[in-house]
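Student: I have a model open here and would like to go through it with you. Could you take me through the strands to begin with, and then the side chains?

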Amino acid sequence: MYTTNKPVKRPVWKNHEIIGYVTISLEDKDFLNGIKEGFYLGFTDEEHKILTDGSKKELVQVGFIK
């Protein structure tokens, strides 16, 4: 089951294009995006699906909301 603290493969964006992939948790992604400029660590397809279609219960269960 997906959770926000589980490392997953996610895209690394620079200049509006994917330049590679890195395995990192959502929590760590958000931390690095907040301190590092020049690239952006993106969401996974599974995260997009949960964020757009997930119920409140699912969002709490995986860690998007507390």
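Tutor: There is an open sheet of three strands in the order β2-β1-β3, with antiparallel pairing; strands here are DSSP runs of E with at least two residues, and helices are runs of H or I with at least four, both numbered from the N terminus. Two strands count as paired if DSSP finds at least two bridges between them. Please keep in mind that this is a predicted model, in which local features need pLDDT of at least 70 and side-chain atom pairs count only at pLDDT 80 or more, while totals for chains, interfaces and linings use all residues. Residues are numbered from 1 along each chain as its sequence is written, and side-chain values use heavy atoms, with hydrogens and water left out.

Student: Which strands are at the edges?

Tutor: The edge strands are β2, residues 17–24, and β3, residues 40–41, each of which pairs on one side only.

Student: And how many bridges join β1 to β2?

Tutor: Seven bridges join these two antiparallel strands, and V12 stands opposite G20 in β2. β1 and β2 form a hairpin with two residues between them, and N15 in that turn has a positive phi of about 55 degrees.

Student: What about β1 to β3, how many bridges there?

Tutor: Two bridges join β1 to β3, which also run antiparallel, and the partner of W13 in β3 is Y40.

Student: Changing topic, how many salt bridges are there?

Tutor: The count comes to two, where a salt bridge is a side-chain nitrogen of Lys or Arg within 4 Å of a carboxyl oxygen of Asp or Glu. R10 forms one with E47, with the closest N and O atoms 2.8 Å apart; this pair links distant parts of the chain, since R10 is in strand β1 and E47 in helix α2 (residues 45–53), 37 residues apart.

Student: Are R10 and E47 buried or exposed?

Tutor: Both R10 and E47 are buried, which in these terms is under 20% relative accessible area, with exposed being over 50% and partly exposed in between (1.4 Å probe, protein chains only).

Student: Which residue forms a salt bridge with K29?

Tutor: That is D30, with the closest N and O atoms 3.0 Å apart. K29 is buried, with a relative accessible area of 1%, whereas D30 is partly exposed at 43%. K29 also lies over the face of F43, at 4.2 Å from the ring centre.

Student: Where does the charged end of K9 sit?

Tutor: The charged end of K9 sits over the ring of Y21, 4.8 Å from its centre; the rule asks for NZ of Lys or CZ of Arg within 6 Å of the ring centre and within 35 degrees of the ring normal.

Student: Which residues form the aromatic pair?

Tutor: The structure holds one such pair. Y2 and F64 are stacked, at 6.2 Å centre to centre with 25 degrees between the planes. Y2 is in the segment before β1 (8–14) and F64 in the segment after α3 (56–62), 62 residues apart. Rings of Phe, Tyr and Trp (its six-membered ring) pair if their centres lie within 6.5 Å, and planes under 30 degrees apart count as stacked, over 60 as edge-to-face and the rest as tilted.

Student: Last one: what is L26 in contact with?

Tutor: Leaving aside neighbours within four places in sequence, L26 is in contact (heavy atoms within 4.5 Å) with Y2, T4, R10, F43, E47 and F64. L26 is found in helix α1, residues 26–35, and is buried, with a relative accessible area of 6%.
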